[in-house]
Amino acid sequence: MGSSSSNMDHIPDAQHLMQETGFSAAHLVRLYERFDFLDKDDRGELRLDDFEAVSELAMNPIGDRIIRAFFSPGRETVDFPSFVRILAHFRPTDTNRTRNGRNGAQPEPANSRTNKLKFAFQLYDQDRDGKISREELLQVLRAMLEMQVTEEQLQSIAERAIQEADLDLDDTISFDEFKKSLEKVDIEHKMSIRFLE
Amino acid sequence: MAALWTLPLLLSARLLGCLALTPPDELPQPHNLPPSLGFNISHGGPSVDLPMALRVFSVDYHHVQAPFEIVLWIMLASLAKLGFHWSGRVPAVVPESCVLIMVGLLVGGVIYGVRHSAPPTLSADAFFLFLLPPIVLDAGYFLPGRLFFENLGTILWYAVLGTLWNVLGIGLSLYGVCLLAQSSLGDVSLLHCLLFGSLIAAVDPVAVLSVFQEMHVNEQLHILVFGESLLNDAVTVVLYKLFESFLRLPSVSGLDVLLGGCRVVVVGLGGLCVGLFFGLVAALTSRFTSKAQVIAPLFVFLYSYLSYLTSEMLHLSGIMAIVTCAVTMKQYVEANVSEHSNTSIQYFLKMWSSVSETLIFIFLGVSTIQDVHMWSWPFVCSTLLLCLIWRATGVLLLTAVVNKLRRNAVTFRDQFIIAYGGLRGAICFSLVFLIDDFPKKRLFITTTIVVILFTVFVQGMTIKPLVELLDVKRKKRALPTVSEEIHSRLIDHLLAGIEDVVGYWGQHYWKDKFEQFNKKYLRRFLIREDHQARSSILRVYQELERREQRGDEEAPPLVDPRSHSRLLLPEEMDSIRRILSRNLQNFNNKQTPAYSRHTLHQDATTDRTRKPLHRHQSLGERRTHWPQMEDGEFSESHRVRAGLSRSHTVCSISPRPVLQDSSATAQTGPADPRPAGDDQVSPQHQVPAGRTPKKQLSFVLENEKQQ
């Protein structure tokens, strides 16, 4: 369970990954072990059924969307670097970094507020058109509320949500509108797993 | 302000009544002599020569003295409370506990002045056996369960380690002070100091509750302080008894200290087990109360009180027992008993705890007027200072450690409030009276009273301005928008899912395990068959109906430049918001109002009034995803929706095909709800804002009729 350097040899491109995602060596090893554990057939990459084997995920209302988020569009497997890149979104935000100015040369890190929000946005926006339509919102609501409310209530709720957020009145929520509607919420804290700290 | 003058009038009336009757009656009344034959009727007072007279009118106070006095005290307490709330601006500035103590001081002073002897004091037995249990029971019954268990680690950390830190710190430093002031305090030994430390260090739930509820801080902070004050009872009681028994022993060895440590664990866990046992028995009993609904509330009180008494008998922690009992039995009792019984339980609990609390504070005031005071400047002042210092440092240190392990850090402002809100109260007071007599006991009593008065008055009165000054993150008055709620919940689910992928055992693991167990065994056993399927769906509907009927108004103004067909009424907005905050699984929900003594607020965990909804046929098993502590229905393996109406479903989980449009197919088995949904979209748009509140009621029921 330790982070011996010999383990690091198994990890392809470890240095590059660490730099890109900001994970430390210890984290990377831990994640690799988890990846290995999930990869039941030792294929070196994860498939759909590997994710579905995580039983708690099956009971998560948006479990399927989360799983889908790991798979890049068009691909059917997840390799370790992709796995790590997705999880990098959930690193706690470095407060040391200057958030005001973005160094032009450096791309924004995966765990910046914007990127976290983008990840959440994509959970809604399944067709990747950059907007959350009413139907997409309804689908998510339906998943989360399950059968606890009637269809009409769902409609009202979705209605209201779009009303509040939709500033350009096109009946969909764009990413900017999404970001704006969450400006009061402490995303950095909420969307971070301390364990990965 | 005119109302403020009625208070003294009331008080003086009471006092006169009190005083007039407390002096013993010298005139023996022969009224209980049987009238003999040949009676002479006499007019007026007792006459000398008439063993055969028939008393027309007589007063016999002795007969009713005890209950009469008790009732008068309670009456005084309640009238003082009434007067307090009617007295204009006073409640805004002075917390109720302060006013009550002042009233007590006044009454005590008057009684002392008239009788020239000490007024009745609060006996430790009366306090521990009669006055404390209702308050703690009330607190336990309305404890916000989820919040409490989520923060349990932190609370235990503060309660156990914090109390230990305070006790040892205060005890040892006081001993140092005594050594320094050898002349006056030389005969106070180390053990005495430690004993004193143990009773003065503990934060008191009664005092904390009464001050915090008038101050709306965020719920996490509230539960931390309150939970700590409840749980530190175990540690306090054990340490107190430990030091007391050490005092009686000729010598103290290391083994004794070790045993003392074990005792803490035994006392705490023992109280817990006793409470669990009685809670489960109470739940089981409530299952059978359908034929005699009127006495169902009685069982709640009896079993709780019994658990308290039993653990006191076994020298375990009574407070922990009664809190555990209440927390355990609550969900089952609420499911089993009728709606009226539930309401009765809640109201009685509130009433009794209010009365108890008021009495406690009044007696604190009265008991301050004593003959037994002994004053010593160094001792008293240093105690006050040390209490503050040790508490502050303790909180700072402990929080620094615990913040590393928490998802929501306890901010510096919160820490200040925790430290400053450590009020002492009647528990210390009673404990100090129970000490075996020794030369400096009176000094201890005086010091305890001073500390209590200081914390309640000074800290109690200044904490509100300080909170405002420090701008502690208050309970959000402005309700979040619907978007915020939805997205926040989505993020919560997302994080839980990611934690599962990463294999991180968050708080959810144990909660899920418990819910599984709860669903499989406990609920089946302890809840009446016909009540078992009561799901939160019904509660939502009934909640909506009730809100309609009450007509709450909280809605923010709708900024809607678009067509009128999109407008939603405030009532509907309200119910939407409530649906969301209730039904969406929320992990860090800070929206539930904190526990409040004075109001039965309508929050999710306490509101279980149910009316039978006609037309509700087969309520199958409903599965929730992340089961809440309250509605624990944990799914085992499969979810299938016999998707007629959204409300009648039998569901189980099937492994969902991910890469297709899963949400559509997995959720809507037969295609019914989708077209139904579509059908409903258009009528909704056509029905403009002219929908009356009643309409919402009807659309709720209508939906059931539909399928």
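Which helix of chain B supplies the largest share of the nonpolar patch? The largest share, six residues, comes from helix 7 (residues 152-180) of chain B.

1. Basis of the note. This is a predicted model, in which local features need pLDDT of at least 70 and side-chain atom pairs count only at pLDDT 80 or more, while totals for chains, interfaces and linings use all residues. Residues are numbered from 1 along each chain as its sequence is written, chains are lettered from A and ligands numbered from 1 in the order in which they are written, and side-chain values use heavy atoms, with hydrogens and water left out.

2. Chain B overall. The secondary structure of chain B consists of 26 helices and zero strands (DSSP runs numbered from the N terminus: helices are H or I of at least four residues, strands are E of at least two). Of its 707 residues, 55% count as buried (buried is under 20% relative accessible area, exposed over 50%, partly exposed in between; 1.4 Å probe, protein chains only). Among contacts in chain B between residues at least 6 apart in sequence, 81% join residues at least 24 apart (contact means heavy atoms within 4.5 Å). Chain B exposes about 30600 Å², of which carbon and sulfur atoms supply 68% (Shrake-Rupley method, 1.4 Å probe; for residues, only the protein chains shown count as cover).

3. The nonpolar patch. B:L156, B:V160, B:L161, B:L164, B:L168, B:L172 and B:L190 make a nonpolar surface patch of about 510 Å². Patches are made of residues with over 30% relative accessible area and no salt bridge; like charges are joined within 9 Å, and nonpolar side chains (Val, Leu, Ile, Met, Phe, Trp, Tyr) within 5 Å. B:L156 belongs to helix 7 of chain B and is partly exposed, with a relative accessible area of 38%.

4. Salt bridges in chain B. Over all chains, the structure holds 13 salt bridges (a side-chain nitrogen of Lys or Arg within 4 Å of a carboxyl oxygen of Asp or Glu). One of them joins B:E96 and B:K81 (2.8 Å, N to O). This pair links distant parts of the chain, with B:E96 in helix 4 (residues 96-115) and B:K81 in helix 2 (residues 61-86), 15 residues apart. B:E96 is buried at 3% relative accessible area, and B:K81 is buried at 13%. Another bridge joins B:K350 to B:D138, with the closest N and O atoms 3.7 Å apart. B:K350 lies in helix 15 (residues 339-368) of chain B and B:D138 in helix 5 (residues 124-141) of chain B, so the pair ties together parts 212 residues apart in sequence. B:K350 is buried at 8% relative accessible area, and B:D138 is buried at 0%.

5. Chain A. The side chains of A:K180 and A:E183 form a salt bridge (3.4 Å, N to O), and A:K180 is partly exposed at 44% relative accessible area. A network of salt bridges links A:R134, A:E159 and A:D171. Helix 6 (residues 63-70) of chain A is mostly covered, with eight of its eight residues buried.

6. Helix packing. In chain B, the axes of helix 11 (residues 219-248) and helix 14 (residues 318-336) come within 8 Å and cross at roughly 140°. Axes are lines fitted to C-alpha atoms, for helices over the stretch in contact, and angles run from 0 to 180 degrees between N-to-C directions. Helix 11 of chain B is therefore oblique to helix 14 of chain B (under 35 degrees counts as roughly parallel, over 145 as roughly antiparallel, 65 to 115 as roughly perpendicular, and the rest as oblique). The contact is made by B:L230, B:L231, B:D233 and B:A234 of helix 11 and B:G318, B:I319, B:M320 and B:V323 of helix 14.
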